[in-house]
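Subject: Structure handover

Hello,

Here is the structure for you to look at.

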Amino acid sequence: MNLNKKILLFFISVCIYSISHAQVEVARLITKIPASTNIGTSGTQNFSANGFGAFINFGFPVSVTDAITAEGGFYYFGNNDTHIAESPLLAGYRHLLAGEDYGWYVEPVLGYTIGGTDIQKTDANGDALYKANGNQDDQNVNGPTAGMGLGYIFPVSGRIRFNIGLRYVHAFVLNDPSTNIFSFRISHSFSFGRRNN
């Protein structure tokens, strides 16, 4: 069995024994970008944009109220001619506050974000930088990521369980814009295995 088949088999096995939440979210990005002037770039300016995202969040229960989570997502933001796209890969620990398998929860997360922009890099003098092939060299938003979520998981209704939440995530990016994302998310769970109720 080749490596790709082994990875696919592992992923399917994990899904069979876990519960995942998947849906879209509305998000707000805040960062700083180079400030352009007629003589080049001088300093930075605040940049913010509304955007959207999608995610899939797997929960691996360790008790009735606690779960280790793994999440992959995608965000897209645009403001005038500036665009930022990010894909965070996060691990977290979700703790339900009520002592039940539903209710209010907190979820700290850590991971890594991969992403890019169409914001051109500049040198210390504000001159545009280019790659060896002559194309513009754009800033990226790759870096370690940390955040905190707060939300509410509703009791099971039929086969559907809804989850609403707020989340703040910060990507620590060296030499390029660090991003702050505030998001509101609504999701419902997909159960790939049996629940013990």
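The model is predicted, so local features need pLDDT of at least 70, side-chain atom pairs count only at pLDDT 80 or more, and totals for chains, interfaces and linings use all residues. Residues are numbered from 1 along each chain as its sequence is written, and side-chain values use heavy atoms, with hydrogens and water left out.

**Salt bridges**

A salt bridge here is a side-chain nitrogen of Lys or Arg within 4 Å of a carboxyl oxygen of Asp or Glu. By this rule there are three. Strands are DSSP runs of E, at least two residues long, and are numbered from the N terminus.

Start with Arg167 and Glu71. Their closest N and O atoms are 2.8 Å apart. This pair links distant parts of the chain: Arg167 sits in strand β8 and Glu71 in strand β3 (residues 66-79), 96 residues apart.

Glu71 also forms a salt bridge with Arg185, at 3.0 Å from N to O. Arg185 lies in strand β9 and Glu71 in strand β3, so this pair ties together parts that are 114 residues apart in sequence.

The remaining bridge joins Glu107 and Arg167, with 3.7 Å between the closest N and O atoms. Glu107 belongs to strand β5 (residues 103-120) and Arg167 to strand β8, so the pair connects parts 60 residues apart in sequence. Through shared partners, the salt bridges join Glu71, Glu107, Arg167 and Arg185 into one network.

Are these side chains buried or exposed? Buried means under 20% relative accessible area, exposed means over 50%, and partly exposed is in between (1.4 Å probe, protein chains only). Arg167 is buried, at 5%. Glu71 is buried too, at 8%. Arg185 is also buried, and so is Glu107.

**Cavities**

Rolling a probe the size of a water molecule over the atoms shows where empty space is left. A cavity is a set of points, on a 1 Å grid over the protein atoms alone, where a 1.4 Å probe fits but cannot get out; lining residues have an atom within 4 Å of a point. Points are joined across faces, edges and corners, and a volume is the space filled by probe spheres set on them.

The whole structure has two cavities of 30 Å³ or more. β2 (40-61), β5, β7, β8 and β9 each supply at least two lining residues. β8 gives the largest share, four residues. By type, this lining has four nonpolar, six polar and four charged residues. For those classes, Ala, Val, Leu, Ile, Met, Phe, Trp, Tyr, Cys and Pro count as nonpolar, Asp, Glu, Lys and Arg as charged, and the others, Gly among them, as polar.

The second largest cavity has a volume of about 40 Å³. Its lining includes Glu71, Arg167 and Arg185, along with Glu25, Phe55 and Pro88. β2, β3 and β4 (82-96) each supply at least two residues of this lining. β3 gives the most, four residues.

**Surface patch**

Which residues form the nonpolar patch on the surface? They are Phe154, Ile160, Phe162, Leu166, Phe184 and Ile186, with about 520 Å² of accessible area together. β8 (162-171) and β9 (179-191) are the elements that give two or more residues to it. Patch residues have over 30% relative accessible area and no salt bridge, and nonpolar side chains (Val, Leu, Ile, Met, Phe, Trp, Tyr) are joined within 5 Å. Areas come from the Shrake-Rupley method with a 1.4 Å probe.

Ile160 is in the loop between β7 (143-153) and β8. Ile160 is partly exposed, at 39% relative accessible area.

**Two single residues**

Most residues other than glycine have a negative phi. Asn80 has a positive phi of about 55 degrees, although it is not a glycine. Asn80 is in the loop between β3 and β4. Asn80 is exposed, at 72% relative accessibility.

Gly103 is in strand β5 and is buried, at 5%. Gly103 and Phe154 are 51 residues apart in sequence, yet 6.2 Å apart in space, C-alpha to C-alpha.

Best wishes

Conventions: Patches are made of residues with over 30% relative accessible area and no salt bridge: like charges are joined within 9 Å, nonpolar side chains (Val, Leu, Ile, Met, Phe, Trp, Tyr) within 5 Å. On a 1 Å grid over the protein atoms alone, a cavity is a set of points where a 1.4 Å probe fits but cannot get out, and a pocket is an open set with protein on both sides within 12 Å along at least five of seven lines; lining residues have an atom within 4 Å of a point.
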